[in-house]
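Welcome! Have the sequence and the 3D view ready, and try each task before you read its solution.

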Amino acid sequence: MSVRLNPDLRNELVQYGIGDWNACYHCGTCTAMCPLSEEGFLFPRKKIRLMQMGLGDQLEASVEPWLCYYCGDCTTTCPRDANPGELMMSLRRFMTSRYDWTGLSKKFYTSEVWELAWIIFFAILVVLSFVIVLPSFGFHYTSELTADGGVKVNSFAPIRIIETFDWAMAIIVATLLMSNILRMYYAIIWKHTNTKVSLWVHIRELWLLIYNFMVQPKFSKCDSKGYWVSHWFLMSGYTIMFIVIVVFLPWFQTEEILPVYDPQRLLGYYATFGLLFGLFIAIVGRVKKKEVKFQFSHISDWLFLAMLTLTVITGILIHIFRINGMPMATYISYIAHMAILVPMILIEVPFSKWSHLAYRPFAVYIAQLKKNAVPR
Amino acid sequence: MNDKDSIGIFFYNLPVSMGEPIDYTELTRYVQSMPQVTKTWLYTDFQWNEDTIRKKVESHNLTRIIIAGALPGTVKGLFSKAMAMSGKDSQSVMLASFNQYGIWSGKDSERARALLLCAIRDIPYEIAATPDDTTVNPVTLIIGAGIAGIQAALEIAGGNNLVYLLEKTGTIGGKMATFDKTFPTLDCAACILTPKMVEVNQHPNIRLMTYCEVKEVKGEAGNFNVRILQKARKVNVTTCIGCGTCAEKCPASAPSEFDAGTTMRKAIYMPFPQAVPNKYMIDAESCIYLKTGKCKACVKACPVPDCINLDEQDKEVSLNVGNIIIATGYKTFDAMKMEQYGYGKYPNVLNALEFERLLNASGPTSGNIHFRSQDKKGNWIFTTESDKPEKLAIIHCVGSRDKNHNKHCSRVCCMYSLKFAHLILEKIPEAEVYEYFIDMRAFGKGYEEFYQRIKEEGVSIIRGKTAKVEEKNGKLLIRGEDIVNSTLIENSVDMVILSTGLEPGEDTKRIGEMLRIPSTADGWFEEANYNTNPTGTFRGGIMLAGSCQGPKDIPDSVAQGSAAAARVLQSIIRGHVSKDVSALSLHDIEKRINELSPVI
């Protein structure tokens, strides 16, 4: 297999985050300090070597960046201030853009203007569809309240249409993400190697995928257990919300005001709490900058946090206004909620920071496949 | 010099500031008051490259360029090329190197102005700013009696001049006296050093002042007045016969400084058997009598009447000297600062000086390598009663080349680590020895050959710094990455030796402030010129020798000791010494420049 050097790789990589790509003198402290680095999957040092040498193909074929959960031990002990932790983070951004065949991810990561423009564009589309498109189909603002004093949400935002739209969006996002994951799989398992993995291994190790998606056991191995808990709440809250909104919207978006102990409301409250708790910890961490992992925030990190926080807040407002019978306020919050949620899902999930929800569990799965690879 | 001169001044890469930063606005105002100067730029003003500089040269029609700042030579090429590209003389690029002339902070702004003035008027700074001579007192004071100080003392005294050799501890010899062998020749360190120590003691022109500290230095080059604190030994140096009866009877003990704390000595003690002067002394901090007023066991045991005087007080001595050589040496990095290596937590993680004592044939174990063990009182000491290790690991670069601790390379650790490996195999031939390094710096004469020899002796020399040491099943587990083979290292060993780096000695800062000698960012004394005057300082009559100027091995320390002595001898023979460079005011320099090159 030939090896291709790309002398411009470093200049390209710098766009994905902070880091002195040249500082490392290869003492290996970071690798040995890392609680997740293991034989066959050594990082961060080896990855830094690839970056320095401009071995883009080898980087593309690396699963290791996704196995790092950023505890920051490497950065604290690095004798050269090379900041290996943040280099791995930047590398994950780079990998995301490499897997993405549309090329949009690279644009979003390297140009704030581009990313903001697209967010605003989608937001305007959403607002326009509520203000112009839906009314032209006969769905109107109504100040009439339901029998129990709630706002008639469904007359303004018809469930059938919203549900169809949700499904469409979910399918688009899932297709993009899955195609990118296939590219990740291909790059790591096949393209740059001369090994193969049997079908049986693929099936046998599938459980890892689900287990890692649900629990993130690797994250808990990183020394900061507290962050694993807050991340888990965030992740579980988000997953519940996503499923409820896409699959069970008719059950969730009701006009009737159900009792507080009703599963619909309990589930909603749990998800909201989980999201808020996780977001609070992450935002406070990034503002205080005490932990290494929170010290270097890329614009994409802040955008992600800001959009998710706004989505949750507008969601809470919809709920409060609806059960208190405030139609105008409900409708405005609904539009705002959708105007943030839609661009966030369309941009963040397939192309940006949020794609890690798929890449991370798949990386563990692919790494396990790699361990079972045989020469072809 | 012609009146059509049009000079552009570029301030480059502002030096690492020590204290208040240099005021560039003030400096700019000063140079712009001169008619020859057309314009000045700061490094931050625009992106420097051949093209942008060429544009500046052309738009301002510059005939001459001065690059001022730290290491301006690194960018000189850009300017020469830019000048050539615009059809000007590429030779008309001058450097005003701040670091070369010790300009580090706002305090040196006057010197910076003088330097720029010289550059603008095209007169070498050395000519315009060479200070006047003054008569010199032929007596010399040497601060620090390690190998560098001893060498300098012998050289100067050998030229029939009086030398005061001052030492902070109770014996001369310094760090070298604690070593067993020297690299790369594996000579016996004591066999080289002890004769020199004895020579110093017996030399008619050397006045030995041990257990002394410099308190104050007044005066200037050629005529310093030095106030010295003579700490009370409480044992009469002239009458003590060194029999040791007192120490036998002394009930108090403390860790031995000479053995790097690995053995216990009495409160009345001789630092080591070959100490010079070979006399006992009392450690006031552990002496029972001095704490409680009762005991006097030593006084009762001493066979010489009135030799021990427990009530002796510190006293002050005043000296007049013409030259001073600073040879205060280094201290080793405190490995406790790197918790990951477990020094201070695991008894068999040793630092370099401790292991030197363990290897030393005249050390606590007569040169046999044994585990550290606890004595009856619970002190961790070296004795021959414990077992011998079979697997030993040496970790390089502990506290050196590390931005969290010391950025500099300590220069000697690679070589002494290789020496350790050799000596371990010499003493325990069946031992397994591992060395974990980042880069092997075998830079001196015969050093690379020594490295190859150690490799052939069967030492496992592995590239990759150890990340941490943990105790597991009574062994020390080393975790690291083998860079060459790309594998994780997990190695259980019996003993870990940390190659601790070199740091400026504790007194460097105090002495530097007292003598007004600046230090570089990493704390070593700043020499007058790194290349051409490494022993001189910015102050006339004050010289540097040995590792107080930067990490050095024994041959280099000896060489610098001799070099500093040569400068002192030169001034004594001439009868004159240069005053401080800083003694000249900007006004003086301006006057001289006008004499040398009057403005047309």
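This is a predicted model: local features need pLDDT of at least 70, side-chain atom pairs count only at pLDDT 80 or more; totals for chains, interfaces and linings use all residues.

Residues are numbered from 1 along each chain as its sequence is written, and chains are lettered from A and ligands numbered from 1 in the order in which they are written.

**Exercise 1. Describe chain B as a whole.**

Step 1: Start with the secondary structure; chain B has 16 helices and 32 strands. Helices (H or I, at least four residues) and strands (E, at least two) are DSSP runs, numbered from the N terminus.

Step 2: Turn to the dimensions: the C-alpha trace of chain B spans about 85 × 65 × 40 Å along its principal axes.

Step 3: Look at burial. Of the 600 residues of chain B, 46% count as buried.

**Exercise 2. Explain why Tyr343(B) counts as buried.**

Step 1: Find the residue; Tyr343(B) sits in the loop between strand S19 (330–332) and strand S20 (349–351) of chain B.

Step 2: Recall the rule: a residue is buried if 20 or more other C-beta atoms, placed from the backbone, lie within 10 Å of its own, exposed if 12 or fewer, and partly exposed in between.

Step 3: Apply the rule. Tyr343(B) counts as buried because it has 22 C-beta neighbours inside 10 Å.

Step 4: List partners. Leaving out residues up to four places away in sequence, Tyr343(B) touches Ala335(B), Met336(B), Val349(B), Asn351(B) and Leu498(B). Here, contact means that the C-beta atoms, placed from the backbone, lie within 7 Å.

**Exercise 3. Describe the side of chain B that touches chain A.**

Step 1: Count both sides; 17 residues come from chain B and 16 residues from chain A.

Step 2: Name the leading element: S27(B) provides the largest share of the chain B side, 3 residues.

Step 3: Sort by class. The chain B side has 4 nonpolar, 6 polar and 7 charged residues. Ala, Val, Leu, Ile, Met, Phe, Trp, Tyr, Cys and Pro count as nonpolar, Asp, Glu, Lys and Arg as charged, and the others, Gly among them, as polar.

How values were computed. Two residues are in contact if their C-beta atoms, placed from the backbone, lie within 7 Å.
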